[in-house]
Every structure is written in structure tokens, then in C-alpha cells.
Amino acid sequence: MVWTSRICFRKYGNFVDNIRLYVRGGCGGMGLPRLGGQGGNGGDVWVMAKNGVTLKQIKDKHPNKRFTAAVGSNSSVHALRGSKGEDAQIFAQTGICVTTDDGRIIGELNNEGDRLLVARGGQGGSLHSGFLPSKGQTRQIRLDLKLIADVGLVGFPNAGKSSLLTALSHAKPKIASYPFTTLRPEIGKIMYDDHRQVSVADLPGLIEGAHVNKGMGHKFLKHVERTKQMMFVVDICGFQLASTTPVRSAFETVLLLTKELELYKEELLSKPTILVINKMDLPEAQDKLRELQEQLENQEESRHRLPDDMKPRSPVHFTNIVPVSASTGFGLSVLKSFIRQSLEEEDVIQTESQRSERLLKLRRQISTPSLPSWGNPHVV
């Protein structure tokens, strides 16, 4: 099935994918010793998921990055029990992982309305504390965006990722003639005629050795984790980073990309992946494509000629292999169809998996009914 599509693109300026915040719970209110009154607890600080909010908006709206909850009310003759201080709410987009400054995970916000307590308010003064209140919890937290796009473009510099995103979206991001064109993720949106939108991220260029943090290293690989699926973009004529580095064929490039992801985190290779063979408008591209197809079909035989440090542990498998030319538009309509098809197939799998989990949980509850203690037989 082929979908017709009209494409729109939005470039997110100054993209922000993580932010560090200072949070402090409110202090408790004073107790009233002569009447035994108890002060109100301080307000708490919460992070809540809300659609339409971005980390950049939080950064712009709160430049000091400080969130403090209100103080609890003091106990008084008119109100022996002081009221609780007002909570502070930090609204963030879904797909956020909240961690402490030392990397401990507090929780995740996966659905709109999810919320996490990040700083607890202090206790109000009472008899047990000599009617003195306690201070609220203070900490530094990080909001880290887990998912930045449906599809992430993965490829070595000058593979044509920015040009491909431009061709898919008819946008005009800045593209230079030097290898490291993209320094931060650029996100475009493909909008289909039935209003389905697919976000595609042009990720910063990967280089050999990224798994040990060469180049943009871990920053790049972290972005790959934040996409549902991957799209390898490979120059049909191969790749050479500099005149002092070896020339890699298209097949070697595919293996090296796979190897870098495998060495960083092998689970990344479980993501559905489309292989895009770019620059098919170049001379001899068809001959090189036939050679690449043969090598991919006979990977074990082709891999034997390569050094061990270039070979991934397992053969490379792709959901689709699509030859395209970002400059002429060749193959782009087919690629758009495969992108959507792959995402919809994954959605079906996830829905079935969630349904099975809920059914299994329900069966467990039914198989172990809770009985009142007076009705249970006694075993002697």
C-alpha cells in the first residue's frame, strides 16, 4: 500500500533535550505550644506530564531554573491546625525521564497526567518536634527527554542525512560542504493526507569510535536511544572522514554503523531499522548497488574479508532496503510509505503485547481470589 502525502516541516530552534533544575519543598508552619496546635506541612514539588510543553519552554519561562513550593501555615488560635503550603508544579512533555544529579532515576512520565514527587515539603511544628517545623527537601534534578522522534537518521558525516530530511520535508535547513553539518538534532515532521504525523530526527553525525565517546560519542548514541525506530543512511559510494583515514565501502559502512551501536548498547539493534542507500544519482551507483545487495545477501562470506573490529557479532537485518536520491527525489515516495508501514506494524505489535499483559494480570487476579479470614479452613 502506498500513501500519498503532503509534507510540512518545523525546525525546532535551539533544541533542548535535557535540563537541570533546582527544586525545594516548602518549610512547615510553626506549631502553637500553649494550645498544642500543629503547623501545616510545606508544599511539595511535582513534575507533571502535559502535551504541548517542551523543555525549551521551561528554560525560557524559568531562566533561573528554580522551583520552590509554598510554606505551610502557622498554627493559630483561629486555626490550630495550619493549612498545607501550595504545591509547585513543573509541567513537562511526555517521554521525560527524571533523575537526581547523581543519575538515580526518580521516575518517568510516559503519559499525559503522569506526575512525580521530586521534593517533599517539610513537616509542620507539633508536640513531637517541640512545635518547631522542618525544612523542605532540597535537591537538583534533571529532566531528560527519552523520545525525540519516531525515526532517527543514523549515518556517518556526509551520508546525506540533512539533504534527505530536506527532500522529505521540502524544508531548507543549513547544509554545509564539510563533514559535521549537524551539531544538534534537527526534527522534521511528515504529515500524511489522513493527518497522521511522523517525526524524523536528523541526528548529529556518528564517527568510528563513538562508543568510546570519540567525536560526539555518547551524546549522539543517547539520541539514538530516544527514537522508536532507526533509519541507516549510507552513501552508495562509501565514506571517508579525512584524507588520513581509510575509505569505507557502502557495505563496510553498514557494518561499522551496526558495530558502533552494538558496542554502545546492543539492545539498540532490536529497533526496527530501514536501510536507505543515498546518492543513487551518482555515476556507477547502479553497479555499486548490485554489489552491495550481493554482499548483504551473503553477509557471512563478505564479512570474512574484514578485520574483526569491524564485524558486528550478529548479521545485520533491515525491515526494508530503499535506494534513493535526496537530490533528485528518486525513491522518496516509496521510502515514505515504508516509514509509515513500519511504524504502524510496530504499533500493532505493542498494542497486542499490552493487551496480553493486561489479560495475564487479570487471570492471575481471578485465579487467586481474596477470601475473608473467617471463611478460611484451618489446617492442623
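**Strands, helices and confidence**

Strand β3, residues 45-49, pairs with β8 in the antiparallel sense, over four bridges. Within this pairing, methionine 48 stands opposite arginine 115 of β8. Strands of a sheet pair through backbone hydrogen bonds, either parallel or antiparallel. The model, which is predicted, places β3 and β8 in an open sheet of three strands with the order β5-β3-β8 and mixed pairing. The edges are formed by β5 (88-92) and β8 (115-119), each of which pairs on one side only. From one strand to the next, the twist averages 25°.

The next element is a pair of helices. Two packed helices are described by the angle between their axes and the distance between the axes. For helix α4 (residues 250-264) and helix α5 (residues 285-297), the axes come within 9 Å and cross at roughly 45°. On the α4 side the contact is made by Ala250, Phe251 and Val254, and on the α5 side by Leu292, Gln295 and Leu296. Five residues of this contact are nonpolar, one is polar and none is charged.

How confident is the predictor, and what is the mean pLDDT of the chain? The mean is 83, and 83% of the residues reach 70 or more. Over residues 4-13 the pLDDT is below 50, and this stretch has 36 contacts in the model beyond near neighbours in sequence. Residues 175-182 also stay under 50 in pLDDT, and the model has 23 contacts for them beyond four places in sequence.

Terms used. Residues are numbered from 1 along each chain as its sequence is written. This is a predicted model: local features need pLDDT of at least 70, side-chain atom pairs count only at pLDDT 80 or more; totals for chains, interfaces and linings use all residues. Side-chain values use heavy atoms; hydrogens and water are left out. Two strands pair if DSSP finds at least two bridges between them. Helices (H or I, at least four residues) and strands (E, at least two) are DSSP runs, numbered from the N terminus. Axes are lines fitted to C-alpha atoms, for helices over the stretch in contact, and angles run from 0 to 180 degrees between N-to-C directions. Contact means heavy atoms within 4.5 Å. Ala, Val, Leu, Ile, Met, Phe, Trp, Tyr, Cys and Pro count as nonpolar, Asp, Glu, Lys and Arg as charged, and the others, Gly among them, as polar. pLDDT is the predictor's confidence in each residue, from 0 to 100.
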